[in-house]
Structures are given as structure tokens and as C-alpha cells.
Amino acid sequence: MHSIRMKITAVTIAAILTSIFVLGGIGILTIGMESDQTSVEKMRLLTENTGQQLDAYLGSVEQSVEMAVHKADDSLKNLDMFLLGSVHTPEEPEKLDKGIAEHCAAVEHAFSSIAHHTNGVVTYYYCINADLGSTEHGFFWSKVGEEEFVEQPPLNSAELDINDTEHTLWYYQPLKAGRAVWVGPYKAHFLGDVMTVSYVAPIYRYGFLIGVLGMDILFDTFTSKISNTKIYDTGFAILLDQEGKVLYHPMMESGTIPEFV
């Protein structure tokens, strides 16, 4: 989560600097010291408030995913006989499929309730690791372009290309980190390449990867919270990545590095 929260810090700093430069450019330098201090303090409070709102919102999404992780961990006990290799019978594949299916159903039921009570989330999903040997792939629900969540074909990890980092960061980034992480913005291949921000968590049992579950937020929804931050008539907030490149700016293209960075 630190990378996203560092970006929020960049929002605050950039908004203050941008406002100072814009105000200076229209001849506000004649305002007295007391007025300057009042303006800077107002800008600081506005941007600080925006940062706190975004931080709280991201925290709510994290909490939702962590609740689903807890349910997933709790419902994995019935798979121990397969994961620990204590069962070797002709019926084992069928029993493994049944066990994974029951596990996914329990997680899906809990995740559905959680997602419906999490503002701004457009998807929730669980992608099962194909290397387990099960034919079960998990579940995927989306309300992109819809008023309510609609069930979609589950994501199949066997079809994901580890080299296609632009589209599959949501799956491989948490595996690389070994923990829940924020990913994005990136082009989500399962949402028609729309720019997306995701909070995703790997599910492990005895060192075995069971799958990756997570939630998505459309990047436009995220940036709308920033675009609504107005400072006087000309001030505005922008969003930068850790390298100082623009993620959101009302007048500059994404990837541009502002002169003040």
C-alpha cells in the first residue's frame, strides 16, 4: 500500500506547489505577507483534507479484501490432505475439484456481501492457481457498465503471460511481494484495457499458492476525487507517481514530468 499512499503525499505537495506557481503567474505577488500566509495555509488544509479522504478510502478497500482473505484462510482446512500429499487414490482429482469448489463457494459468498458494502469497487474476484491441478478457476464479478455486479467467466491463471506485465500485474505483483499490495494504475485486460487500480492478495496454505483474490477501482473514479479539489479560481491538485511523472493533471499528459519536480 505504501506506493499508493506515497502518491497521495505527492498529491498534497503538488497541489500546493501548483497553486503557488499559478497564483504567482497572475501577479499576486503584491499581496502582503499576512495574506500570503493565509493563502498557503488554506491550500495546505485543502490538500491535506483531500489526502486524508483518499487515504481513508483506500483503507476501506484494504479492509474489505483482508476480510475476504480471512474467510479464504479459514475455509482451506479441508484441503490439507491434498496439499500435504497424504491422499493418493484414483479419486483424488475429483475430490480436489470438489474441495476447491467448496472453498471458492464459501469465499464467494462472503466476498459478495463485502463488495456490496464497499464504495467505488467495480469488481471482486478469486483466481485459483492452475498448478494445483484442479479444474476449478475461482470466480469473477464485475459491474463495469452495469448498475449491479454481474457474474463473469472466472479468470484462468493458466492463460496469464508473466511477461505481459502491462496487463497481468494484478496477479504476479502480489506473488512477487508475497503479501497484499496495491497495483496500478494499469490496463486491466479483463476489463477491456480500462485503466484500473487494484488491491490484491495472494492466498497460501503450507507454502502452496492457492490463488489471488482482490478488488478493482477504475482509475477515473480515483482521479475524480482529486479533480474535485479546487484552490481559489485557478489552483488544482495533481497526482504523481514515485518517479515524479504525471498520473493525473488537468492540462498535462500522463507520463509528463512537471518542471517543478
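Where is the place of E166? Here is a walk through the model, starting from that residue.

1. **E166.** The place of E166 is in helix α5; helices (H or I, at least four residues) and strands (E, at least two) are DSSP runs, numbered from the N terminus. E166 is partly exposed, with a relative accessible area of 41%. On that scale, buried means under 20% relative accessible area, exposed means over 50%, and partly exposed lies in between (1.4 Å probe, protein chains only). Leaving aside residues up to four places away in sequence, E166 touches Y186 and K187, where contact means heavy atoms within 4.5 Å.

2. **How to read the model.** This is a predicted model: local features need pLDDT of at least 70, side-chain atom pairs count only at pLDDT 80 or more, and totals for chains, interfaces and linings use all residues. Residues are numbered from 1 along each chain as its sequence is written, and side-chain values use heavy atoms, with hydrogens and water left out.

3. **Confidence.** The protein chain averages a pLDDT of 77, and 66% of the residues score at least 70; pLDDT is the predictor's confidence in each residue, from 0 to 100. Over residues 12-34 the pLDDT is below 50, although this stretch has 30 contacts in the model beyond near neighbours in sequence. Where pLDDT is low, the predicted coordinates should not be read in detail.

4. **The sheet.** An open sheet is formed by 6 strands in the order β3-β2-β1-β6-β5-β4, with antiparallel pairing; two strands pair if DSSP finds at least two bridges between them. At the edges are β3 (150-152) and β4 (181-188), each pairing on one side only. Neighbouring strands of this sheet are turned by 30° against each other on average, direction ignored. Axes here are lines fitted to C-alpha atoms, for helices over the stretch in contact, and angles run from 0 to 180 degrees between N-to-C directions.

5. **Helix on the sheet.** Helix α5 (residues 165-177) packs on the sheet, touching β1 (123-128), β4, β5 and β6. The direction of α5 makes about 165° with that of β4.

6. **Pairings, strand by strand.** β2 and β3 are joined by 3 bridges, and S142 stands opposite V150 in β3. Between β1 and β2 (residues 138-142) there are 5 bridges, with F139 in β2 as the bridge partner of Y126. β1 also pairs with β6 over 6 bridges; there the partner of I128 is G211. Finally, 10 bridges join β5 (residues 194-205) to β6 (residues 208-218), and Y204 has L209 in β6 as its bridge partner.

7. **Is β1 buried or exposed?** In β1, 6 of the 6 residues are buried, so the strand is largely enclosed by the rest of the structure. Both faces are covered: T123, Y125 and C127 lie on one side, and Y124, Y126 and I128 on the other.

8. **The cores.** A nonpolar core is a set of buried Ala, Val, Leu, Ile, Met, Phe, Trp, Tyr and Cys residues joined through side-chain atoms within 4.5 Å. The largest has 37 residues, and those with the most contacts inside it are V61, F111, Y126, I203, L213 and M215. Two or more residues each come from α2 (33-74), α4 (92-116), β1, β5, β6 and α6 (219-227). The largest share, 8 residues, comes from α2. A second, separate core of 16 residues includes C127, F140, V183 and L209.
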